Amino acid sequence: MTLLPKDNGIKIIQNEKSEGNPLFPVFLKLNELHTVLVGAGNVGLEKLTAILYNSPDASVTVIALAILPQVHVLAAEYKGVKIVQKAFADTDLDKADVVIGATNDSELNNFIRQSAHDRKLLINVADKPELCDFYLGSIVQKGDLKIAISTNGKSPTIAKRLKEVLNESLPNELDITLQQMNALRNSLNGDFTYKVKKLNEVTSVLVEPKQPVKKNFIWLIWSAIILSIAIIIAVLWFKQPSFQLYVESINPIFYYFLGAGFVFALIDGAIGMSYGVTSTTFSLSMGIPPASASMGVHLSEIMSNGIAGWMHYRMGNINWKLFWLLVIPGIIGAMTGAYLLSSLEHYSQYTKPFVSLYTLILGLVILSKAFKTGVLKSSQKIKRIQLLGLGGGFIDAVGGGGWGSIVLSTLIAGGRHPRFSLGTVKLSRFFIAITSSFIFFTMLNSHHWEAVAGLVIGSAIASPIAAKISNKISAKAIMIAVAVIVILISIKSIEAFLVKHI
């Protein structure tokens with residue numbers, strides 16, 4: 001079909017030969033029709049549930065010899081449902097308007113279909129597309145908005161997955177917009193053409209590209225980025241008596257960390273994780289105390305996460321409700337962790353093995369992810385988001401990393417949409433890094449600024465390159481290599497502590 005635009009804003013449909021799915025979508029008023037459902041096993045229960053979920057006032061007669069107890073429980077909640085425990089007879093369809101067959105008996109299904117067609121009734125037979133006059137599609141509902149998905153009977157699984165994507169992508173507030181549009185429509189005066197034009201003007205904002213979700217949030221992101229740059233400059237300027245003299249006498253360790261930060265940022269760009277754990281593990285192996293190591297990681301992550309968060313914000317990948325549930329507890333956890341670790345800086349010889357144990361665990365996690373062939377997802381979304389943010393922020397500050405591997409993986413495994421989870425976690429990570437860096441900077445009187453500066457500059461240089469090489473490197477091979485290196489270095493660090501103190 002082709003849509004022809006007209007000057008008055010009305011579009012006329014020109015008939016052409018249809019390609020692809022030939023089904024004609026309709027929405028039935030089952031509250032005004034009589035539906036006969038034959039079968040009350042697991043499939044029958046699924047069909048009855050779908051009918052009543054979409055049409056609670058539907059009039060349904062369920063006919064079957066064997067009836068699951070769950071069917072009786074469900075029917076008791078709806079006054080329009082009647083259960084008849086008996087064998088099916090063709091006369092059962094005499095007063096039917098719609099027929100659904102949900103038995104596992106092929107001969108019975110054919111008999112039900114023939115009985116329906118003898119009465120010129122439409123029928124759906126579960127899992128038998130060739131016997132169906134219509135299909136029951138997957139439904140996405142947001143209040144009065146209802147979207148039906150059809151794959152022409154080819155793949156109910158695909159329809160189910162599309163339903164999940166749309167359910168997550170479409171905000172619940174869309175129903176409020178729908179009610180407001182209905183009120184506006186009812187208030188408009190004039191002819192049909194005027195109403196169509198006016199409604200098109202109002203709704204055009206829904207399809208305009210790159211519309212900011214929250215305009216007042218822009219200044220906050222840019223202000224934080226400028227603040228992060230100021231912090232880095234202050235680190236290099238105020239912590240040394242003379243900046244020029246400092247540049248002339250740069251410690252070779254700066255170049256070690258410059259190269260390490262560059263490589264670790266490339267790895268993170270290729271596999272989407274591990275920057276924190278690799279940088280922290282390397283820092284500890286070079287003799288950097290845990291607090292200084294964590295500060296270097298967070299300072300270097302400010303810019304990269306700020307840019308990534310900004311891009312996700314521009315693309316509309318932020319779930320704002322999830323963002324606020326994560327970022328506030330996350331900041332509290334990060335402040336607590338950074339303060340605790342900074343207070344124990346003088347006891348770094350004792351805190352170092354615990355951080356090494358943490359990086360060892362993360363190394364094992366990365367290794368397990370490398371060999372996973374699929375993603376296991378929970379049927380229910382994780383509920384305690386604030387607790388996840390609090391724990392993730394604390395562990396991230398203490399261990400120098402882990403916000404992404406802990407929070408993001410938990411959200412996705414708990415059923416959250418990957419794209420919105422990634423965007424939200426990236427943006428919230430930016431503020432976690434800002435908070436941790438500020439606490440470390442104000443509390444530490446460290447002599448390891450060469451290492452910190454090396455990580456910051458190295459990761460900044462690698463950021464634009466990482467995206468280009470990410471598709472050219474085997475992510476699995478890199479993950480295995482990173483995991484092995486992190487595990488070995490962590491074990492070595494723990495072993496050195498045990499030998500020295502036991």
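Mentor: Two strands are said to pair if DSSP finds at least two bridges between them, where a strand is a DSSP run of E with at least two residues, a helix is a run of H or I with at least four, and both are numbered from the N terminus. By way of example, threonine 35 stands opposite valine 98 in β6. The model is a predicted one, in which local features need pLDDT of at least 70 and side-chain atom pairs count only at pLDDT 80 or more, while totals for chains, interfaces and linings use all residues. Residues are numbered from 1 along each chain as its sequence is written, and side-chain values use heavy atoms, with hydrogens and water left out.

Trainee: How do you know that β3 and β6 are joined, and in which direction do they run?

Mentor: Strand β3 (residues 34-40) and β6 are joined by 4 bridges and run parallel, and the definition of a pair asks for at least two, so they are a pair. Within that pairing, leucine 37 has isoleucine 100 of β6 as its bridge partner. Isoleucine 100 also stands opposite asparagine 124 in β7, and β6 is joined to β7 (residues 122-125) by 4 bridges, again parallel.

Trainee: Why is threonine 61 called buried?

Mentor: Its relative accessible area is 14%, and buried means under 20%, against over 50% for exposed and partly exposed in between, with a 1.4 Å probe and protein chains only; threonine 61 therefore counts as buried. This residue belongs to strand β4 (residues 59-67).

Trainee: What makes the approach of threonine 61 to histidine 34 a polar contact?

Mentor: The two side chains come to 2.8 Å, whereas the definition takes a pair of N or O atoms within 3.5 Å, one of which, within protein, must be able to donate a hydrogen and the other to accept it, residues adjacent in sequence counting only if both atoms are side-chain atoms. The value lies within that limit, so the term applies.

Trainee: Why is the pair of phenylalanine 88 and phenylalanine 111 classed as it is?

Mentor: The centres are 5.7 Å apart and the planes make 75°; rings of Phe, Tyr and Trp (its six-membered ring) pair if their centres lie within 6.5 Å, with planes under 30 degrees apart stacked, over 60 edge-to-face and the rest tilted, so this pair is edge-to-face. Phenylalanine 88 lies in the loop between β5 and β6 and phenylalanine 111 in helix α3, 23 residues apart. Phenylalanine 88, at 13% relative accessibility, counts as buried, while phenylalanine 111, at 37%, counts as partly exposed.

Trainee: What makes tryptophan 320 and phenylalanine 323 a pair of a given kind, and how are they placed in helix α12?

Mentor: Their ring centres are 5.7 Å apart with planes at 75°, so this pair too is edge-to-face. They are 3 residues apart in helix α12 (residues 320-343), which means a separation of about one helical turn.
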